[in-house]
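Have a look at the model, then read on.

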Amino acid sequence: MHKLLRIYRDYLTVERHYSEATVETYTGVVIRFLDYLSQWKLNPLEVDEGQISFWLMSQRTPEGLLPDPRTAARGISALRSFFRFLVLEDLRTDNPALLLERPRPGRRLPDIMSLEEVERFLEQIDITSSLGLRDRALFELIYSCGLRVSEACGLTLDRYYPQDLVVRIIGKGDAERFVPMGEAAKEQLDGYLSFVRPRLVSMRHPTNTVFLNHRGRPLSRKGMWKRFKEIANLAGVEGKIHTLRHSFATHLLEGGADLRSVQELLGHRDITTTQIYTHVAEGGLQRAHREFHPRG
């Protein structure tokens, strides 16, 4: 099983070109599923749709709740991928997970920060320290360009064009896009690159990654999440790092940007993914109408 999992992980990475986060999610689901089969002495090459469905229903949260539709759908996708892999390896002739019906998750509007909350969050960062200057540059850039966490972690020096106020981003599926940045983000990023990063970079572990931790290694997703949470608590705002990306898109639409442009900036393949932000933006417009229009 350990060998099979290694080959499966390589299949997801090399053949399917999935992101690191997706690979970790899928392999995590498969490991839990295989542990369950081992406990009941079941063979993954012989299990059927009913046994898979029973395992999915048994995946309760620590509070005893059944998995929400999104979690269940993600689990089914992971198992469909795993059994597809077994078929390709000639270890099975069928994919029983295809018989499972994926639950339809309800439409969930993304959480956003108001302009005032974004400003409060950024102003709360202590820029009297080296790591504070790094954090200010990091979160200014994420908000200014609408970056995913993985995109900010993976940004390298050769993909920053200061004269053009542009960063070249490698997104999901290795899709490349050029994203303009604001003057505020450029000012913070240039300051970090000039005065802070040279002191952080390690001669023993040279790297061209833009954002580094105190050991001179590339800043990890976990490290980034930790810093965001600390700053958000100080600023008294709710959200995750991805909330900055959601806020970027919503604020653009509220400012009059067209949906197609926002799609390009976010790196969405399908414009229907971007359309969810119109509902958030419309909510802001409706509130403004109620408050300021004489017949609101």
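Q: What makes arginine 136 and glutamate 140 a salt bridge?
A: The closest N and O atoms of arginine 136 and glutamate 140 are 3.0 Å apart. The cut-off is a Lys or Arg side-chain nitrogen within 4 Å of an Asp or Glu carboxyl oxygen, so the label applies. Keep in mind that this is a predicted model.

Q: Where do arginine 136 and glutamate 140 lie?
A: Both lie in helix α6, four residues apart, which is about one turn of the helix.

Q: Why is arginine 136 called buried?
A: Its relative accessibility is 9%, and buried means under 20%, so arginine 136 counts as buried.

Q: What makes arginine 227 and glutamate 230 a salt bridge?
A: Their closest N and O atoms are 2.2 Å apart, and the limit is 4 Å. Arginine 227 and glutamate 230 are three residues apart in helix α9 (residues 221-235), so about one helical turn separates them.

Q: Are arginine 227 and glutamate 230 buried, exposed or partly exposed?
A: Arginine 227 has a relative accessible area of 23%, and glutamate 230 comes in at 33%.

Q: Which residues are linked with Arg227 and Glu230 in a network of salt bridges?
A: Arg134 and Asp135 are linked with them in that network. By this rule, the count of salt bridges comes to 13.

Q: What makes arginine 9 and glutamate 24 a salt bridge, and which parts does the pair tie together?
A: Their side chains meet at 2.8 Å, N to O, and the rule asks for within 4 Å. Arginine 9 lies in helix α1 and glutamate 24 in helix α2 (residues 20-39), so the pair ties together parts 15 residues apart in sequence. Arginine 9 is partly exposed because its relative accessibility is 30%, and glutamate 24 is partly exposed with 41%.

Q: Why is α1 called roughly perpendicular to α4?
A: The axes of helix α1 (residues 2-15) and helix α4 (residues 69-88) come within 11 Å and cross at roughly 105°. Angles of 65 to 115 degrees count as roughly perpendicular, and that makes α1 roughly perpendicular to α4.

Q: Which residues make the contact between α1 and α4?
A: From α1 come Leu4, Ile7, Tyr8, Tyr11 and Leu12. From α4 come Ala78, Ser81, Phe82, Arg84, Phe85, Leu86 and Leu88. By class, that contact has 10 nonpolar, one polar and one charged residues.

Q: How many residues are in the largest nonpolar core, and which have the most contacts inside it?
A: That core has 51 residues, and those with the most contacts inside it are Phe139, Leu189, Tyr192, Phe211 and Met224. Helix α6 (residues 130-145) gives the most to this core, with seven residues. A second, separate core has 26 residues, including Leu4 and Ala78.

Q: What does tyrosine 192 touch?
A: Leaving out residues up to four places away in sequence, tyrosine 192 touches Leu133, Arg134, Ala137, Arg197, Pro198, Leu200, Val210, Phe211 and Leu212.

Q: Why is threonine 156 called buried?
A: Threonine 156 has a relative accessible area of 10%. Buried means under 20%, so threonine 156 is buried. Its place is in the loop between α7 (149-154) and β1 (160-161). Not counting residues up to four places away in sequence, threonine 156 touches Asn208, Thr209 and Val210.

Q: What makes aspartate 90 exposed?
A: Its relative accessible area is 71%, and exposed means over 50%, so aspartate 90 is exposed. Aspartate 90 is found in the loop between α4 and α5 (115-123). Aspartate 90 also has a positive phi of about 60° although it is not a glycine.

Q: How many helices and strands are in the chain?
A: There are 12 helices and three strands. Buried residues make up 41% of the 296 residues in the chain.

Conventions: Residues numbered from 1 in each chain as written. Predicted model: local features only at pLDDT ≥ 70, side-chain atom pairs only at ≥ 80, totals over all residues. Heavy atoms only, no water. Axes fitted to C-alpha atoms, helices over the stretch in contact; angles between N-to-C directions. Helix = DSSP H or I, 4+ residues; strand = E, 2+ residues; numbered from the N terminus. Parallel < 35°, antiparallel > 145°, perpendicular 65-115°, else oblique. Contact = heavy atoms within 4.5 Å. Nonpolar A, V, L, I, M, F, W, Y, C, P; charged D, E, K, R; others polar. Core = buried A, V, L, I, M, F, W, Y, C linked by side-chain atoms within 4.5 Å. Buried < 20%, exposed > 50% of the residue type's maximum accessible area, 1.4 Å probe, protein only.
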